[in-house]
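Hi,

Here is the structure I promised to pass on.

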Amino acid sequence: MAEDLLRIEHLSVDYHVGAGTFRALTDVSLSMPAGRVVGIVGETGCGKSTLGHAIPRLLPQPPAQVRSGKVFFQGTDLLKLPKWRMPSVRGTGIGMIFQEPINSLNPAFRVGDQIAEAVQIRRLREHGRQPARKADVQGFDYSKREMPKAADVVTGPFVPPNLTETLKQRPPPISKDLQKEVLDFLHLVRINDPERIISLFPHELSGGMRQRIMIAMALSGKPSLLIADEPTSALDVTIQAQVLTLMKELMDEVSTSILFISHDLGVIAEMADDVGVMYAGHMVEFGPVAEIFESPRHPYTKSLIRSIPNKYKEDGVLPSLSGSVPNLSRLPNGCTFHPRCPMVRDVCRKDPEPPLTDLPPGPAGLVHRSACYFPEEVASLP
Amino acid sequence: MGRSRSDLVVFVAKRLVQLIPVLIGVIVITFFFTHIAVANPCVAWAGPKASPSAITACEHLYGLDKPLPVQFVNYLKGLVSGDWGYDPLYQVPVLTAIEQYFPATLELVLASIFLMVVVGIPLGVVAAASNGRIADHLVRIFYLSGWATPTYIAGAVLAIGVGSTLGISGGAFSTLSSPVRTLTHMSVVDALLAGNLSATGDALAHLILPATALAFINMGIATRMTRSSMLETLPLDFVKTARMKGLGEFVVLYKHALRNALITTTTVLGITAGTMVSGTVVVESIFRWPGMGLYAFSAITDYDFNGTIGVVIFFAIVVVVANLVADVLYGVLDPRVEWR
Amino acid sequence: MSTATVPARRVAELSSAPVPAPRPAAWRSNLILFWQILRANPLTLVGFILVVLVSVTAFLVVVVPLITKPLLGHALSILPYPALDAGAFPVTQAPSFAHPFGTDNAGADVFSNVLAALPTDLGIGFTVSGVSLVAGGLLGLVAGFWDKPGTLSGLISTTIMRLTDIFLSFPTLVLALAISATLGRGEYQSELAVLITWWPFYVRLTRGEVLAIKIQPYVIAARAAGVTETRILFRHVVRNLIEPLAVYFSMDVGTVIVTYSTIAYIGVGVPSSIPEWGNLMPGYQDLILTAPWTVWSVTAAIFVTVLGFSLLGDGLRDILDPRSRRIMATTASARGSTEK
């Protein structure tokens, strides 16, 4: 297969809180070809957010510390890049949408200016240091756009960061064609009266509106990879549905690959092509969305699917998983899931942990992996 | 919406009206505290060898022989009509003295605020950005030192230790410097208006030490406030959003994070107004800076009633206005605030 | 608008570790917890040690002569030489074994002078903050708890707050200087002057806290459950006031000392016959280039005392905040277990 857009190899992240060490991520591997939507699902505290933040190196260090692993984005290991090169990857390479639209927009600046800033950064990168000319401004449909090559993004000529450079990079006051592009992006996220919206402050907008702005802002960098970290979890159910519909429509319009993080299996089933299931900092199962839901190969995935409220379950009892996620500073030996596993054997209680291994290909011939010693027996669980 | 210009005008007007009872209270308290428990100031002024008749004449001249309530009513009448009493030591009306001395103090305070903003705030940002690392510890030691060093010690060390070593005398200009015509009573501005560059340099040299002494303790407060509000701001999602746009760390810190952290830092302005004004008394008396602080110092230490009351009332007005300015600034910086 | 979760607590959420909250247990386990927290925070520990050291020394300076006089017939003192004893030694001698801080321009031992001033300054720091704490705290409690408009208590509450506002608009030091000057020079006069300007800060702080506590769900729930007002007042309101007041008080002692010594420095406070840090400075500051040890000794004494109190107060803020207390307690216990 060609070069993956994103390939994570054996990533482990710790949090040092006081004298305690919490293993937020242990040996997580993941590969993501361009153009696909990969969902990451798991309970609160399973490390899915840490994973999303670790890719563009947003984790606060300290307390977070990457213990080992590699994060290849378009062929470059981001974890090896010097810190000052990271901004060149963000925005145009990787974009991100956060959970709480209340907090993710800067309360002190007008919405239009915040989006314009992102557009401006992309333009400066697209056109070198030349100011954008009118002819270069395209519509918002960038599905035909050529993917930036890795070399363009991260291995450009070395320019030492200095003050004049920083000042040059400062976006000039919002110009007419810049404003037009900002309006285009607001149209893209189905905002009807963008001319009014751009002059408002975030607190003057509703939660759903803010999240649309956030999506517009992330897309305005035209990133190759979009990380959506629980983008709808903080919204009301009706608004949530609207935003999800919008995102689904946008996926057809713009050819951005998406890493979609959610605790909601229903949302993941709706949005993703592939699904990674996480438990206590481990990736326990990875596979195509249809196979994961129809024939899960890890007992944890099975129990997660079983606990989805379903109107067809007539007995009125909602099965729930007994026990709770283990303390990440004292992970159990062997398989981390064994204390809660209904089919636990002696081998599961001993180190080493079961690795994430490839299963025989299913009918579609796509990769399906599980970190259980007995993937075939999962089907027989109730 | 509550944020239009007319809303702001109404807000300020309302606040100014609310100030009136406070200021009346200030006048009452100052007047009675300085008059009730007091030894006769005429005795002090006239000297130990003065004849009783001279003291009586002095008392009569300044109305001290009348009952206290009458004195108070007379004083209030004068205050309203712009007559804040006559200063027996400086031989000028108190209000004239204030008019003459306040600009120099304003100059000193503005220079101090400038130092506070230019040094104190970036130090706070640096400390917050390197939270827990060596730069953070150094900055914390710096602001704790500022807090634990009384202004009079900082002033004395700077004036006598540094100033005399560098050959910078007290006052606003050195005595050898050619005199500049006083227009504004602000040394640097006057020198600039006169087009006299060497006098400007001389004025700046004389300004920097007292301004530093005055800023020392307040710089610590500003640094501490900036650091703690930056520490609250930096983990917020919008800082991550700014990073994820591809912005460099400098822009993320100083545009996106500091812009929000400054909202809480403006409250320092209200807090420091009181210490700043108090500090001028100490600093100006040490540096012989020809401003309100020096005037207050001599009025207080020479038992000059009218001068003391005038100065205390005037300083209280300054503090109250500074607090109002801080409130308005807070609202200007935070678009979520409505003028109410 | 929904209330946002605090992203700063993300780490705790990610760790999902069930952190055991320290249960209110016997004073002994609280003491152990206090010690564990101190050990986990070196700067707070430094502050604590400094405060204990300074307090014990001040105590000994006062008490040793009082005890030894009836026992031995003559008073012993921990001061090596009598304080302010002019002409006892050759003037301006550099520090030596006999005179660890050297001698001053009057020929007195600087170490004895500085040490003799300690009980005065520390005592005034504690007295003024303590009286302000009690008086201001009570007024603030009354103004905050019984503030229903239209009732007599509401009227009292409003009166207290208006009066507080008036006092708060004075620059503290200037008013204290003015009062001090009119009361005449003396230890108690200037103490009273500082006190008059000091209590309003406690009223404002206490009232703000009471108003915040009053709308807490647990108070509303208690009221709904029929708990009497008196019980709510003592069990909920007063209990929760202790923490913020303790923090403010411990930082405040240092601030009072600085203000008080400034009044003495200006020359309207303690008579120069009484050893006091601010009192020593005017005589010493001219020696800064010729006999710098004099100035540095006084500076160090004030610095150490004020720094000790502000470090302790700064740390107490973290310790008494229940959320950070929990984190620190787990940290401390985790560290304890790794050391075993």
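Into which domains is chain B divided? There are two entries: domain 1 (22-83) and domain 2 (97-333), with bounds that come from an automatic or database domain assignment.

Before you read on: this is a predicted model, where local features need pLDDT of at least 70, side-chain atom pairs count only at pLDDT 80 or more, and totals for chains, interfaces and linings use all residues. Residues are numbered from 1 along each chain as its sequence is written, while chains are lettered from A and ligands numbered from 1 in the order in which they are written.

Back to chain B. Nine residues from domain 1 and nine from domain 2 make the contact (C-beta atoms, placed from the backbone, within 7 Å). On the domain 1 side, α1(B) gives the most, with seven residues (helices are DSSP runs of H or I, at least four residues, and strands are runs of E, at least two, numbered from the N terminus).

Next, chains C and B: 39 residues of chain C touch 41 of chain B. On the chain C side, α5 (152-168), α6 (172-183), α9 (229-266) and α11 (292-320) each give two or more residues, and α6(C) gives the most, with 10.

Finally, D4(A), which sits in the segment before β1 (6-17) of chain A. D4(A) is partly exposed, because 18 other C-beta atoms lie within 10 Å (20 or more would be buried, 12 or fewer exposed, with C-beta atoms placed from the backbone). Beyond its neighbours within four places in sequence, D4(A) contacts S31(A), M32(A) and P33(A).

Cheers

Note on methods: Two residues are in contact if their C-beta atoms, placed from the backbone, lie within 7 Å.
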